[in-house]
Amino acid sequence: DENKNMFAFQGRAFGDEQPKYITISLDEEKDNIYGLQRLQKDKLTYVVEGPIDSLFLDNCIAVAGADFTKLSKDNNIIIFDNERRNVELLKQIEKTIDLGYKIVLWPDDLQEKDINDMIISGKTKDEIQTIINKNSYQGNMAKIRFTTWRRRNA
């Protein structure tokens, strides 16, 4: 947490094993948000799905299955994985847009599924953050972009 106290830990499968993640919470009162100990609340915060992805961006936290809607809408960019064929993810993105959050809708030519895959493919942290910043949308612009984004490569 913000005070560097452990409140949960998580294991991850790196193959096709299921479940992919197992999380053990030591304090059920806390949301399982990874990276709070390094968060600078006065700066723009990148919010990703997985803890591994959060390690590659400045001021980044991972919701790790937690409800990110408890986060402020003012200084956060929600970054979902680049999986346009995932129906459940599409519903979650649409809900996030409707709630007024700023989100990333990846460029059409981006092939990688997530930030970790982008790093593996050779993209730098600065390149990824530039892509994120150029492809962040909120409100009506997010709704318009989402309409075309979800249909590409589907």
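Helices (H or I, at least four residues) and strands (E, at least two) are DSSP runs, numbered here from the N terminus. On that basis the protein has five helices and seven strands. From the N terminus on, the elements follow the order β-β-β-α-β-β-α-β-α-α-β-α.

The model is predicted: local features need pLDDT of at least 70, side-chain atom pairs count only at pLDDT 80 or more, and totals for chains, interfaces and linings use all residues. Residues are numbered from 1 along each chain as its sequence is written, and side-chain values use heavy atoms, with hydrogens and water left out.

**Overall values**

The accessible surface of the protein (Shrake-Rupley method, 1.4 Å probe; for residues, only the protein chains shown count as cover) comes to about 9200 Å², and 49% of this belongs to carbon and sulfur atoms. A residue is called buried under 20% relative accessible area, exposed over 50%, and partly exposed in between (1.4 Å probe, protein chains only). Of the 154 residues in the protein, 39% are buried. Contact means heavy atoms within 4.5 Å. Among contacts between residues at least 6 apart in sequence, 62% join residues at least 24 apart.

**The sheet**

Strands of a sheet pair through backbone hydrogen bonds, either parallel or antiparallel. Two strands are taken as paired if DSSP finds at least two bridges between them. Five strands form an open sheet in the order β4-β3-β5-β6-β7, with mixed pairing. β4 (60–62) and β7 stand at the edges with a single partner strand each, so one side of each is left without a neighbour in the sheet. β3 and β5 pair in the parallel sense over four bridges. The bridge partner of V48 in β5 is I79.

**Helix α4**

Helix α4 spans residues 125–134, and its buried residues include I128, Q129, I131 and I132. These residues cover an arc of only 155° around the axis (taken from the directions from the helix axis to the C-beta atoms), which puts them on the same side of α4. The cover over the buried residues of α4 includes β3 (45–48), β5 (76–79), β6 (102–104), α3 (115–120) and β7 (136–137). On the face turned away from the buried side, α4 carries the exposed residues D126 and K134.

**Salt bridges**

Side chains of opposite charge can pair when their charged atoms come close. A salt bridge here is a side-chain nitrogen of Lys or Arg within 4 Å of a carboxyl oxygen of Asp or Glu. By this rule the count is nine. The table gives some of them.

| Pair | Closest N and O atoms |
|---|---|
| K125 and D58 | 2.9 Å apart |
| K113 and D114 | 3.2 Å apart |
| E88 and K91 | 3.5 Å apart |

K125 lies in helix α4 and D58 in the loop between α1 (51–54) and β4, so this pair ties together parts that are 67 residues apart in sequence. K125 is partly exposed, with a relative accessible area of 32%, and D58 is partly exposed at 39%.

E88 and K91 both lie in helix α2 (residues 87–98), three residues apart, about one turn of the helix. E88 is exposed, with a relative accessible area of 54%.

K113 is partly exposed at 27% relative accessibility, whereas D114 is buried at 10%. A network of salt bridges links D81, K113 and D114.
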